[in-house]
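Here is a walk through one protein structure, from its overall dimensions down to single contacts. Keep the sequence and the 3D view open while reading.

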Amino acid sequence: MERYVCVHFHSYQPPRENAWLEAVELQDSAFPFHDWNARITAECYAPNGASRILDGDGRIEQIVNNYARISYNIGPTLLTWLESEAPGVYQTVLDADKESQELFDGHGSAMAQAYNHMILPLANTRDKYTQIWWGIEDFRRRFERDPAGMWMPEAAVDLESLDIMAEFGIKFTVLSPFQAHRVREIGTKEWTDVTGGEVDPTRPYLINLPSGRTIHVFFYDGPISQAVAFEGLLSSGEAFAERLMSGFDEDRDWPQILHIATDGESYGHHHRHGEMALSYALHMVEETEGVEVINYAAYLARHEATYEAEFYEDSSWSCVHGIERWRANCGCNSGGRPEWNQEWRQPLRESLDWLRDRLASEYEKHSKGLLNDPWKARDEYIDVIFDRSRVDDFLAKYGSKQFDEAERIKALKLLEMQRYAMLMYTSCGWFFDELSGIETVQVIQYAGRAVQLAQDVVADSIEEEFLDRLSVAESNLPEHGDGRDIFNKMVKPAMVDLEDIAAHFAISSLFEEYEEENEVFAYTAEILDSRRLIAGRASLHMGRVRMSSSITGESEELAFGVCHFGDHNLLGGVRPYRSIHTYEELKHELAEHFHRAEFPEVVRALDRHFESHNYSIRSLFRDEQRKILNIILDSSLEQAASVYSHLHEDHAALMHFLSDIGAPLPDAFEMTSEFVLNTRLREEFSNPESDLDQIKTLLDEVKQWKIKLDDEELSYVLSQTIDQIAREFEENPEEDENLERLVSFTEVAQQLPFEVNLWQAQNSYYNVLQSDTGERFLQDTSSEEAAERAEKFQRLGETLRVKVEA
């Protein structure tokens, strides 16, 4: 009887985008990466697209795309981020689905997911419908096919959601064995209770739905999934394979599918090199006679379900109390702060439910005369979310009239209000322990954006009513008070309008050149007039700019003036453009005071002309703020580096002597040398044209004086440089200089007292090795030059631990 293995990989990240900028801002906690999406991509999503299978000597024998050989779903909001910020990884995910169709009888391995990870059983019917439809449509546009399966966020399930999925053509989903209630063979009457995870996970089950439709459910193997996620099973690919195949039973007389499901982040992020354990385990399974790797859709196409099942409604895979984790203090939490409670979950849920219903009412009322069918328009708005250039076609199709500019903006604000009214239900908002936690603040921020958009349209005090309800939710931390306090401290400051965006643009323009038309996050800035003055360290920029939202289309012409007095001392103002007379008066007065270096008068003029609309470096968004502060700090840091460098050089001979006699370096010398050597190594590591002899000299000094290196940052900087060199080598391997530089830099990386990530270099080398060029490099020794290239190419393989057949 046939035996199959299927591994399901569920990947999702909570949306981290600022609700007003539509971008993920800098997150220092993810250092040295820009943000947690970037860090997890580097640790998990990218490695699974190019996973290593090692030989007995620990050398890379194969590099494989794990996604092509497993079942996987990646949330639409995460795929959107990958498409923009990690396009190579994104393409690997898409390519894997096509590759899997070749492997598995034409059936792709990718599954869809309800759009923004809303807990579907807690949603109203309308939101369930839209979330499922958006997930399917997003999948179709990316993978260019209809999805056969759909992952339900947190595997939270109810009959209505399954019925909607089946209505849209979804054939199966995956649930926890603990969600199964009872099963029976199709055509028989006797049910068998399988409560407590007793369901046999090696077959699919048919679910009969209220509408008369059906859908299949695969209940995954609980113990093996648990071992992967929490018990260290991924420490060994061989042990992983053996555990997978231990799930088969010779007494079963049907085609068994042994399948597991876990968070995809288990394979690399939660468990380092977990992706390699996965690829090796799948390799072992494929080498085992009588066992075949498969995906769910291919299995269903070969084998019809012979059993039906009923499940526990309102259950999930991550809350033993059903779905209470997302609406009550049920006791499920991370376990890190046992003295805390989660009583805040219920009032947060109730506040958002009230807001949802209020916004739905306002949406219906204010879309009359604008949209033919408001809720149909919301469902189809995914077309615009996926590609903003389609907005005119969308409005022409679903609008009830030819819009003027104000009506167009109003219609888009109403639709965006509905988008955020769903984003605010992202499941992570309730999953963790504290109301002021970053995930919970994020969903409150989404609610804040929905409220702001609503008030733009309805001119009503929805915010105050919402905050009255939110104030019932209390933080575990006294300093954060309640939901109202958290909204005012953590959400209100993030709210921006066109003036705020213009201020960010104006301040940034002091430090970098802009084109006539510029993208500023989810906005465009069109410069209508500009004048820039410089006096010593001070600079003044005045101008007019038209700021427009790329999302809603609203725009405003604004006047600005910003002055940088040196260091972090900066002041600026923005106001609506009133007339050419008042604008020229503003420019003349500011320029006159600036030319005379009357800086106190410049400040007073800015205050007078812009009243309360003043801005400083504090007003910048996080990424640009950090960028400008680095520019400002550069000169100061150069001076400090120069002082430290002189001290280091002046006392080098004495430090050598102290080292020779075994005496410890005085703290002042040690701190100076630590700063100087780390700075110099960072500079050398970041330059692909670095003097490698100089790097070796610096490393000798580090070793001699036992200097503490900034391992994490230096490793990251060097790996980024090696990545760049490796890509250049892969693009043009015939260029001897590219091979020489990659050999030199990877050999330097080997000599360091810390690990350097050579993942991209290994990928590039492997790709060249598998090509005709690589084969020629190894075989051609017809000249001294060719023989030298062959030796370097083989040496590079040894350095990178890639198996090379001589």
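The paragraphs below begin with the whole chain and then take up sheets, a hairpin and helix pairs.

The structure is a predicted model. The protein contains 30 helices and 22 strands. Its radius of gyration is 30 Å, close to the 28 Å given by the globule rule for 806 residues, so the protein is as compact as a globular protein of that length. Taken along the principal axes, the box filled by the C-alpha atoms is roughly 95 × 80 × 55 Å.

The sheets come next. Strands of a sheet pair through backbone hydrogen bonds, and the pairing is either parallel or antiparallel. Strand β9 runs parallel to strand β13 (residues 214–219), and four bridges join the two. To find a bridge in the 3D view, look for L175, whose partner in β13 is F219.

Another open sheet of six strands has the order β17-β18-β19-β20-β21-β22, here with antiparallel pairing. Its edge strands, β17 (517–520) and β22 (614–615), each pair on one side only. Within this sheet, strand β19 (residues 538–549) and strand β20 (residues 555–566) run antiparallel and are joined by 10 bridges. M547 has E556 as its bridge partner in β20. Helix α20 (residues 580–595) lies across β18 (523–535), β19, β20 and β21 (569–576). The angle between α20 and β19 is about 155 degrees.

What lies between β4 and β5? Five residues separate these two strands, and in the turn G58 has a positive phi of about 80 degrees. Strand β4 (residues 51–54) pairs with strand β5 (residues 60–64) in the antiparallel sense, over four bridges.

Two helix pairs remain. In the pair α2 (residues 76–85) and α4 (residues 125–143), the axes come within 10 Å and cross at roughly 35 degrees. This crossing of α2 and α4 is left-handed. On the α2 side the contact is made by P76, L79, T80 and E83, and on the α4 side by G135, D138, R142 and F143. Sorted by class, the residues of this contact are three nonpolar, two polar and three charged.

The other pair is α10 (residues 345–366) with α14 (residues 405–423), packed at an angle of about 160 degrees with axes 10 Å apart. Why are α10 and α14 described as roughly antiparallel? Angles over 145 degrees count as roughly antiparallel, and the angle here is about 160 degrees; therefore α10 and α14 are roughly antiparallel to each other. Their crossing is left-handed. The contact is made by L359, A360, Y363 and H366 of α10, together with K410, L414, L415, M417, Q418 and A421 of α14. By class, the contact of α10 with α14 consists of seven nonpolar, two polar and one charged residues.

Methods
Residues numbered from 1 in each chain as written. Predicted model: local features only at pLDDT ≥ 70, side-chain atom pairs only at ≥ 80, totals over all residues. Heavy atoms only, no water. Pairing = 2+ DSSP bridges. Axes fitted to C-alpha atoms, helices over the stretch in contact; angles between N-to-C directions. Left-handed = near helix turned anticlockwise from the far one by under 90°. Contact = heavy atoms within 4.5 Å. Nonpolar A, V, L, I, M, F, W, Y, C, P; charged D, E, K, R; others polar. Parallel < 35°, antiparallel > 145°, perpendicular 65-115°, else oblique. Rg over C-alpha atoms; globule rule 2.2 N^0.38 Å.
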